[in-house]
Amino acid sequence: MIEFFYETDFEIKQANNLIDWIIDSMKNEGKTIGELNYIFCDDDYLLNINRQYLDHDYYTDVIGFDNSDEYELNGDIFISITRIIDNAKTHQVSFENELARVMIHGILHFAGYKDKEEDEKQEMTKMEDFYLSRLELIN
């Protein structure tokens with residue numbers, strides 16, 4: 001089950017489309033969704049989580065707490081709407097596109113993808129692009 005929670009003045013439109021897309025994307029990865037929570041917040045909320053749990057003192061767009069096993073994905077994915085707005089402007093993409101990219105990025109980590117090394121970043125971006133192209137087919 002995928003649930004959306006809001007710690008800021010924001011609400012997902014077409015939530016069911018995004019949920020179906022995430023489930024379908026992870027089926028393509030050979031994974032199922034157990035309990036997955038997306039928590040949408042602002043920069044300060046996510047900065048506090050970054051400081052408290054990861055000992056990082058910087059803003060970020062997404063933080064995931066992964067409780068998955070080999071085949072079933074479980075956990076919490078926190079997304080800063082403030083960062084999504086800024087990143088969309090920086091990358092000259094729509095807010096919706098950037099939000100979907102960060103949402104799939106978070107769950108791809110749970111599915112085993114990494115992005116620390118350059119080759120891992122390239123693979124992550126490739127998979128984000130692949131799944132973003134599939135989202136347009138669902139909408």
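Which element gives the largest share of the lining of the largest pocket? Keep that in mind as you open the viewer.

This is a predicted model, in which local features need pLDDT of at least 70 and side-chain atom pairs count only at pLDDT 80 or more, while totals for chains, interfaces and linings use all residues. Residues are numbered from 1 along each chain as its sequence is written, and side-chain values use heavy atoms, with hydrogens and water left out.

**Stop 1: the largest pocket**

Select V62, H105, H109, D115 and K116, the closest to the centre of the largest pocket among the 25 residues that line it. The volume of this pocket is about 650 Å³. Here a pocket is an open set of points on a 1 Å grid over the protein atoms alone, where a 1.4 Å probe fits, with protein on both sides within 12 Å along at least five of seven lines; lining residues have an atom within 4 Å of a point. The volume is the space filled by probe spheres set on the points.

Next, colour α2 (43-54), β3 (62-66), α4 (95-110) and α5 (118-138), the elements that give two or more residues to the lining. Helices (H or I, at least four residues) and strands (E, at least two) are DSSP runs, numbered from the N terminus. The answer to the opening question is α4, with 7 residues. By type, the lining holds 8 nonpolar, 8 polar and 9 charged residues. In this count, Ala, Val, Leu, Ile, Met, Phe, Trp, Tyr, Cys and Pro are nonpolar, Asp, Glu, Lys and Arg are charged, and the others, Gly among them, are polar.

**Stop 2: helix α4**

Stay with α4, whose 16 residues reach 23 Å from first C-alpha to last, close to the 22 Å expected at 1.5 Å a residue. That expected span is 1.5 Å times one less than the number of residues. Its buried residues include E98, M103, H105 and F110; buried means under 20% relative accessible area, exposed over 50%, and partly exposed in between (1.4 Å probe, protein chains only). Just past the helix, click on G112, which takes a positive phi of about 115°.

**Stop 3: the nonpolar core**

Now select Y38, F40, I79, M103 and I107. Of the 34 residues in the largest nonpolar core, these touch the most other members. Such a core is a set of buried Ala, Val, Leu, Ile, Met, Phe, Trp, Tyr and Cys residues joined through side-chain atoms within 4.5 Å. Again α4 provides the largest share, 8 residues.

**Stop 4: helix α1**

Show L18, I19, W21, I22, S25 and M26, which are buried. Seen down the axis, the buried residues of α1 fall within an arc of 160° (taken from the directions from the axis to the C-beta atoms), so they line one face of the helix. On the face turned away from them, find the exposed N16 and K27.

**Stop 5**

In the loop between β1 and α1, pick Q14. Its phi is positive, about 60°, although Q14 is not a glycine, and Q14 is exposed at 54% relative accessible area. Then go to Q92, in the loop between α3 and α4. Phi of Q92 is near 55°, and Q92 is exposed at 74%.

Finish at I84 in helix α3. I84 is buried, with a relative accessible area of 0%.
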